[in-house]
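Subject: Structure handover

Hello,

Here is the structure for your set. The notes on what was found in it follow below.

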Amino acid sequence: MTDIQKVFANGKKAFVGFITAGDPTLFDSKRYLEIMQDSGVDIIEVGIPFSDPIAEGPVIQNADLRALKGGAHLEEIFAMVGRIQKKVPFLFMTYANPVYVYGYERFFARCKKEGVSGVIIPDIPFEESGEVKEVAQKYGVVVVDMVAPTSEDRIKKVCAESRGFIYLVSSMGVTGMRESIDTDISSVCSQIRQVTSTPVCVGFGISSPEQARNMAAQSDGAIVGSAIVKIIEQYGAYADARLREFLTSVARAVHGAG
Amino acid sequence: MENKKGRFGEYGGQYVPETLMHAIEELDGAYSYYKEDKEFNAELTRLLNEYAGRPSLLYYAENLTKLIGGCKIYLKREDLNHTGAHKINNALGQALLAKKMGKKRLIAETGAGQHGVATATAAALLGMECEIYMGEEDTVRQALNVYKMKLLGAKVHAVTSGTKTLKDAVNECMREWTNRVADTHYCLGSVMGPHPFPTMVRDFQAVISREAREQILALEGALPAAVVACVGGGSNAMGMFYHFIGDKGVRLIGCEAAGRGVNTLETAATIATGKKGIFHGMFSLFCQDEYGQIAPVYSISAGLDYPGIGPEHAYLHDIGRAEYVPVTDDEAVEAFELLSKTEGIIPAIESSHALAHAVKLAKDIDKKGSIIVCLSGRGDKDVAAIARYKGENIYD
C-alpha cells in the first residue's frame, strides 16, 4: 500500500491542500507546508511555479508570478521540500515544460530523494503520459490522472491504470473559487468506480468548508487550492494564524463528511 | 508528414488539460471527415475565390530585381487577400468547419491583429459570435486593428497577464476554451498548438504554395531556386513551403524575428535560440530559460513576437529540408522601406523580415533563376509604428 492509499484507509475522506512554492518566499513556504500538515491536510500539493500556467485562474497565476519574481527555481524548491519532516504524502503540481527541461529521470529521481510521492501535471493528458509514467514508476512516484466533466467515454481508459488518487475536475474552466459547482459529481464518481477502486478527489472551485464537505461527501476527498493561496496573497509572510484557522475548519468539514 | 498521433518526427502531440481533450478529439474527427468532403471543399474554395479574392497574384518585382542585380524576385501577394493577409485562408477554413460542427462562437488569439481581423471577418460572414484575445501591449501597437475587429462585431479582450503579448493571448484563449467548450471553437491562427491544429492550419494555408507552384511554372517554366517566408508560429511559411517540400532543388527558407539580435535577450528567433520543450499543446522548440520558464521574447513585429515555432518547422529544420535565418528589426525596417520605394508596395513588417533576407539571397543566385517571397500581409497597420521607430511622432 502506498502512502497515498493509506490516507484513504477505512473510508477516510481526504483533505488535499495546495500552495505555490516560493510564494512569497521559499522560507515562508516551508513553514506554511508544515502548518498544513499540522492543521489536518491529508495530502499536500506543492505547486512548482510556471511562467504560463494555462489551467490556472488569476489567484494561482499571480502566486506563480510572485514566486518566479522571488527567484523560486526548481533546484531550491526540491531542497526546501527535502528539509520538511513529512507527516503526510507530498505531491508536486506543475506543468510539463519545467519537468521535461529538468529531465524526467533527474526529476523523478530527485522526487524520490526528497520524499515526494507523486506529481500532477495538467497539460500532460492520458495519451501523452506514457513516457512520464514509465520513468516516475521506476522511482516509485505516482502520476495522478485527471478526469473532467467532459471526459465521458474517456473515463474508462484514463482511470483503468490510475494510481494514488484520481483528480476529478469539478467544473469546466480554470482553477479558482466558484459560487457553485453544477456538475453532477456523484454521477461522475460512480462512472469512475465502475472502472477502478482508486479513490477520487474533487478539485477546482472549492473555497469554503461547506463546499469541501459537500464535495467530499460525494467522493473520497476535496482539493482546495486558490482559497488557501488567496490567504497568502492577502497576508504574505504573516499568514500563519489565518492559514491554521481556515485549514482546520476545512479539515473538520471534510473529515466529518460522510 | 505527420503520423496518426499528430507528430512530425518527435515534434507535435496533444499536450492539453483533460478538460480540452474531448473538444480536441471532436475537432480531429470532424476535420478528418470534412477535409475529404467534396461539398465542404467546394464551399471553402468558393469563399476563398469569391470572397477573399484568390488566387493571389504572383508578381514579378522587376524594379527590385534590377536594383539588386541578382535572380528574379517574385512576390506571392497574400497582402492582396481580403483583410490584407494570408490569415483569412485559415480563418475561413476553420470558421466553416466550426459551423459544420454546430459551433456558434469563435474565439481566437491575435498578435498583430491580422488573425483577429480575419477571424472576426469570417465570423461576421458566417453569422457567428466572435471574441478575440489580444495582449494589452499589442492592442496599443495595433490600435487600428482593434477598432476593425470591433467594427466587424467582435468583442476584443485586452490580455493583461504575463508579458501581455501573443503567448499570453494564446494562454487566455486556452483558458476561455476550457471554460466554454460546447458551443465554441478555438480558431487558432498558426501551425501550432495541439494536434490537429498544426496539420489543419497548414492544410488551409497550403493553397499559397499550390497556387505559387503552378504560377511560377507557367511564368518561368521552371521551379524557383528558393521560397522565402517569415516565421513566427509559422503559418504563412508552412503554406508557402508545403507543395515545394517534394521539390528537392527548391530551398525552403524561414525568416525568424531576431529583434535586436540573437545575441541579445530581445529576440524572438526560436530556431536560433530556443530549446526543446512542451508548451501550448505541443512538443517543439521554445525560447526559455534553464528551468523551462518561457522567455519574454521581443520583436518589432507583433505577429512574430512568439516564443515558439510550429512542430512541422522544427521537424523540417531537424531533417535539414528547410533553413531558418534570423532577421533583425533594423533589417526588416530597411526592407519595409525598400519595397515601398521601389515597387510601390507597402509590406507588413512581418513579411519585411522575409524580404530582407530575400534581397541578400537574390544577389547570390544566377540571374536566370528566381525566388519567391511570401508577401504575407500588407503594411498599412504598421505605418504608424514604423514612423515612430524612425523617430517621427505620428499616430494612427
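Leaving out neighbours within four places in sequence, Thr119(B) is in contact (heavy atoms within 4.5 Å) with Ala91(B), Leu106(B), Ala108(B), Cys130(B), Ile132(B) and Cys187(B). Thr119(B) belongs to helix 5 (residues 114–126) of chain B; helices (H or I, at least four residues) and strands (E, at least two) are DSSP runs numbered from the N terminus. With a relative accessibility of 1%, Thr119(B) counts as buried. Buried is under 20% relative accessible area, exposed is over 50%, and partly exposed is in between, with a 1.4 Å probe and protein chains only.

On conventions: this is a predicted model, in which local features need pLDDT of at least 70 and side-chain atom pairs count only at pLDDT 80 or more, while totals for chains, interfaces and linings use all residues. Residues are numbered from 1 along each chain as its sequence is written, chains are lettered from A and ligands numbered from 1 in the order in which they are written, and side-chain values use heavy atoms, with hydrogens and water left out.

Leu67(B), in helix 3 (residues 62–68) of chain B, counts as exposed at 53% relative accessibility. Beyond four places in sequence, Leu67(B) touches Leu338(B) and Thr342(B). Its C-alpha atom is separated by 9.7 Å from that of Val359(B), 292 residues apart along the chain.

Asp182(A) sits in the loop between strand 7 (166–169) and helix 9 (185–193) of chain A and is exposed, with a relative accessible area of 70%. The side chain of Asp182(A) makes a polar contact with the side chain of Ser180(A) at 3.4 Å. A polar contact is a pair of N or O atoms within 3.5 Å; within protein, one must be able to donate a hydrogen and the other to accept it, and residues adjacent in sequence count only if both atoms are side-chain atoms.

Cores

The largest nonpolar core has 105 residues, and those with the most contacts inside it are Phe92(A), Phe107(A), Phe108(A) and Met240(B). Such a core is a set of buried Ala, Val, Leu, Ile, Met, Phe, Trp, Tyr and Cys residues joined through side-chain atoms within 4.5 Å. Helix 12 (residues 240–256) of chain A gives the largest share of this core, six residues. Apart from it lies another core, of 89 residues, among them Val144(A), Leu20(B), Leu97(B) and Met128(B).

In helix 11 (residues 226–235) of chain A, the buried residues are Ser226(A), Ala227(A), Ile228(A), Val229(A), Ile231(A) and Ile232(A). They pack against strand 1 (14–20), helix 2 (26–38), helix 3 (58–69), strand 9 (221–224) and helix 12 of chain A. Gly236(A), with a positive phi near 55 degrees, follows helix 11 of chain A.

Interface

The contact takes 38 residues from chain A and 32 residues from chain B. About 3000 Å² is buried between the chains, 54% of it from carbon and sulfur atoms; buried area is the accessible area (1.4 Å probe) that two parts lose on being put together, summed over both. Glu18(B), Arg175(B) and Tyr291(B) supply 25% of the area that chain B buries against chain A, more than any other three residues.

The rule finds five salt bridges across the interface, a salt bridge being a side-chain nitrogen of Lys or Arg within 4 Å of a carboxyl oxygen of Asp or Glu. Arg154(A) forms a salt bridge with Glu18(B), with the closest N and O atoms 2.8 Å apart.

Regards
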